[in-house]
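The structure comes first, and the notes follow below.

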Amino acid sequence: MPWSFIDVKSTDPAFNLALEQYAFDALPRDRSWFLLWRNHNAIVIGRHQNTLAEINEEAVREREVTVVRRLSGGGAVYHDLGNLNFTFIQDAGQAGQLDMGLFCRPVAQALQAMGVNAQVNGRNDITIDGQKFSGNSQYIREGRVMHHGTILYSSDLETVGQVLRVDPEKIQAKGVRSVRARVTTVRAHMPRPVPLAQFKARLLEEISRERPMEPYALTETDIAAVEAIKRERYDRWEWNYGVSPPCDLLRRRRVEGCGLVEARIRLEEGRIAGISFFGDFFSAVEPEELAGLLQGCPLREEDLSARLAGVEVSQYFAGLTAQGLICLLLDQLEPLA
């Protein structure tokens, strides 16, 4: 079966995941497809993960990191412009089983040809001297397989640790958790480091040796269809956060003039399914009444603000404002006056 290559120009995470889905669902099936693409700062969440259990929310906000969920399973990964992503789309064969090595091996072999000691390791990783630089995942449906992976070429590894770091005492998730492995960058192991654009060209050259590829330019019709998928799925909070499995969160803060306020939150599909308050605060009205008011509310700022509009929060927590409560529930710092 012939191969076609799409050199993706966009760095918008939501557009690029929509493009993957479009290529998988709608592009001709009489050929296989290979894509190379990059995202600006983003966390890409696995299909079965709880988003809030995978991200450091404060760091994500501070660094303006986009959070988006993909179709395939596996763990959360960080993307920046120093990370190169690859996607294979082809017939799954008669077995229709997940086979990570089938697609990881060509990437490892391409790097070996560049003098990098890359090895396929474990369930879905490619490593250099035991350090991970590539996480991989697959999606199989209707006899087709989409395999995609990351290549940390020159990514900011400090940011990787900050935006994905989660305090295990604060979150107990019932969904899949990411494995925090030691990571490295490919560039650090290149005998002669080159700019990412040059590395990308060499990678395509090596991958193409056994599977010659003809370039494919997206048409205006293609792009319009991708934009529609982006709007309908990858731009939506309901997809990126709301389809998460159940998760228990603990929010705890000492507030000046109020005291210690602790909120234990049970989330289902990104909404508050239950919440209990504890602490050494004073209240004129029992907080259970406020807990009932918050039931079913999505855990995001605009919805919490709407739900608390007109509510005198200080009746439940003396010395605490509505904005202060929202910041507590979202685990973010209260803006300075």
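## The second largest cavity

The lining of the second largest cavity has four nonpolar, two polar and two charged residues. Here Ala, Val, Leu, Ile, Met, Phe, Trp, Tyr, Cys and Pro count as nonpolar, Asp, Glu, Lys and Arg as charged, and the others, Gly among them, as polar. The model is predicted: local features need pLDDT of at least 70, side-chain atom pairs count only at pLDDT 80 or more, and totals for chains, interfaces and linings use all residues. Residues are numbered from 1 along each chain as its sequence is written, and side-chain values use heavy atoms, with hydrogens and water left out.

Which residues line the second largest cavity? They are L17, E20, Q21, R70, L71, M146, H148 and Y234. Helix α1 (13–25) and strand β10 (144–152) each supply at least two of the lining residues, and α1 gives the most, with three. Helices (H or I, at least four residues) and strands (E, at least two) are DSSP runs, numbered from the N terminus. The volume of this cavity is about 30 Å³.

## The largest cavity

Rolling a probe the size of a water molecule over the atoms shows where empty space is left. On a 1 Å grid over the protein atoms alone, a cavity is a set of points where a 1.4 Å probe fits but cannot get out, while a pocket is an open set with protein on both sides within 12 Å along at least five of seven lines; lining residues have an atom within 4 Å of a point. Grid points are joined across faces, edges and corners, and a volume is the space filled by probe spheres set on the points.

The count comes to two cavities of 30 Å³ or more. The largest cavity holds about 40 Å³ of space. Its lining is made by N50, T51, L52, W237, Y241, S244, L267, G270 and L299, which divide into five nonpolar, four polar and no charged residues.

## The second largest pocket

The second largest pocket holds about 490 Å³ of space. Of the 22 residues that line this pocket, V60, R61, W237, Y241 and R300 are the closest to its centre. Two or more lining residues come from each of α3 (57–62), β4 (66–69), α8 (237–240) and α10 (301–308). The largest share, three residues, belongs to α3. By class, the pocket lining has 11 nonpolar, three polar and eight charged residues.

## Helices that cross

Two packed helices are described by the angle between their axes and the distance between the axes. Axes are lines fitted to C-alpha atoms, for helices over the stretch in contact, and angles run from 0 to 180 degrees between N-to-C directions. How do α1 and α7 (residues 220–234) meet, and at what angle do their axes cross? Their axes come within 8 Å and cross at roughly 115 degrees. That is why α1 is roughly perpendicular to α7; angles under 35 degrees count as roughly parallel, over 145 as roughly antiparallel, 65 to 115 as roughly perpendicular and the rest as oblique.

Helix α9 (residues 287–294) packs against α10 at an angle of about 125 degrees, with the axes 10 Å apart, and α9 and α10 are therefore oblique to each other. In this pair, L290, L293 and L294 of α9 meet L304, R307 and L308 of α10, where contact means heavy atoms within 4.5 Å. The contact residues divide into five nonpolar, no polar and one charged.
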